[in-house]
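Please open the structure in a viewer and keep the selection tool at hand.

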Amino acid sequence: MTRQGTARGMVPRLAAWGSVCIGLLSFAGDSPSATVNWPVGKPAGAVAFDGVIEEDAPLAGAQTALFLEYAVSPQAIAYDIVWAEPCWGSIHFPCPPTGTSLYADESRFVVRHALNDVEWKHSLPHAPRGVFRHTCGNYPIDESRFALQQATARRLTVGDIPAIERAARPFDFDSPLQDRPGMPPARVITRDLSDDRIRFIISTQDPHEAWTSEYRSREGKLESLLCEHTEVKVAVAGFEINAKTSDFPDGVVIDRLPARRHAGGRAALVEFAPRSIGSVDVDLPTRIRVGTYDSAPGGLNPLRRATMSNYRGLGVMPTAETVGRRFTSDPLFDREQMFRRHLATWWNRPVVDVDPADAAWLSTFADDCLGMAREEPRLPIRLKLLFMAIASDLMVGNGARADAEGLPAHDRALREAGLGAIADLAAAQVADIRAKWGRPEGDSEE
């Protein structure tokens, strides 16, 4: 089977996946299941890719798109959050996740926020995980470390195939997996075994731990992987969240939420496509969708979506010491820090109040950002440059150029990337900001 690992969020409204299947080959043995094209891991070393994660948080009424540079190997994962959209709703501190980096291996969990020069270092927990009490995407680091550890423990390797084949034989439907160091004892039950479909249930000693996986392949190439987790909820009081939902468009205080013993009632659908990593031809994930399935027969109610592209091999996997340093080594980093200081000082203030020297700096900075954005092929960097140009123009009273150049380019870039809902939300936030510009918080036009 594939070697997989997952990391789930560690800053507010952040969730990310590291579920990369490194290589796939057909496998045939001497058992009755020899006709099945088992998806078997092929070594490809450390692999990097670009990812876009879209988050929907219905209870919080929030939508977010995170742009990441990701690296993964069987031993570790590492990623940098390069940009996030929309960021206009928190304009004084734009895009809090931007500049966040994570490194995790078999013993360490390191999170760094380069823009604020903050770093957290943790060892992985050893005690069993209790009730998961965070259901609106606000995952603390402790929960993230547990999620990483559990995902690593669940992954299947080539060594597990014999037990799965034993379970596929007549009258032997429940077979233990071999002893796997660092992983809990587990049993497997197979269902719907054919040459293009493998469906099985994995369970552990924990009565709440059971998940069903289904591999589909065509002509020896893996096409999709569907994983479903059983629903286990625990009612937890003590929450107070101000949220807007479809049922309460004017807002409502949510003071009781269902916690989860495990992430149940969810399904994750992974779609694969052939890719080349150096000299190795592999099937790699290009899209992941996570959603609830209890009220959506035949489909998913989307919660998160991820698209992966631009796969490339790495000579060396990033280390805990080097991940995230790309931000501080960027030639634009010092100017970006200066822009953020001006933003915190002058945003939503009358243009006449802006210090003339700061206004001149912002005007030049906007010119430079627009020029760089025209030549920048990388979407997240282009979006960041456009955001900084638009905000700088608005602070110095150059709204005409923002309306004519910066905002249309920003909107077009999001829509061309298939992020129309995010573009609509960003446009609404900008319109709201412009309507309130220069007035005290909460005031509105007569």
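Begin by selecting Asp117, which counts as exposed because its relative accessibility is 70%, above the 50% cut-off for that class. The model is a predicted one. Asp117 lies in the loop that links strand E5 (108-113) to strand E6 (118-123). Although Asp117 is not a glycine, its phi is positive, at about 55°.

Next, select Glu85 and Pro86. The peptide bond from Glu85 to Pro86 is cis, and its omega is near -10°. Pro86 is placed in the loop between strand E3 (77-85) and strand E4 (100-104).

Now display the whole protein chain. Its secondary structure consists of eight helices and 16 strands. Of the 446 residues in the chain, 49% are buried. The accessible surface amounts to about 20,800 Å², and carbon and sulfur atoms account for 53% of that surface. Among contacts between residues at least 6 apart in sequence, 54% join residues at least 24 apart.

The following stop is a pair of helices. Select helix H4 (residues 333-346) and helix H6 (residues 379-395), whose axes come within 11 Å and cross at roughly 40°. H4 and H6 are therefore oblique to each other, and their crossing is left-handed. Which residues of H4 and H6 meet? On the H4 side, select Glu336, Phe339, His342, Leu343 and Trp346; on the H6 side, select Lys384, Phe387, Met388, Ala391, Ser392 and Met395. The residues of this contact comprise seven nonpolar, two polar and two charged.

From H4, continue to Asn348, in the loop between H4 and H5. Asn348 is not a glycine, yet its phi is positive, at about 65°. With a relative accessible area of 26%, Asn348 is partly exposed.

The crossing of H5 with H7 is left-handed. To view the contact, select Ser363, Ala366, Asp367, Leu370 and Arg374 in H5 together with Arg401, Glu405 and Gly406 in H7. These contact residues divide into two nonpolar, two polar and four charged.

Terms used: Residues are numbered from 1 along each chain as its sequence is written. This is a predicted model: local features need pLDDT of at least 70, side-chain atom pairs count only at pLDDT 80 or more; totals for chains, interfaces and linings use all residues. Side-chain values use heavy atoms; hydrogens and water are left out. A crossing is left-handed if the near helix is turned anticlockwise from the far one by less than a right angle, and right-handed if clockwise. Helices (H or I, at least four residues) and strands (E, at least two) are DSSP runs, numbered from the N terminus. Contact means heavy atoms within 4.5 Å. Ala, Val, Leu, Ile, Met, Phe, Trp, Tyr, Cys and Pro count as nonpolar, Asp, Glu, Lys and Arg as charged, and the others, Gly among them, as polar. Buried means under 20% relative accessible area, exposed over 50%, partly exposed in between (1.4 Å probe, protein chains only). Accessible areas come from the Shrake-Rupley method with a 1.4 Å probe; for residues, only the protein chains shown count as cover. Axes are lines fitted to C-alpha atoms, for helices over the stretch in contact, and angles run from 0 to 180 degrees between N-to-C directions. Angles under 35 degrees count as roughly parallel, over 145 as roughly antiparallel, 65 to 115 as roughly perpendicular and the rest as oblique.
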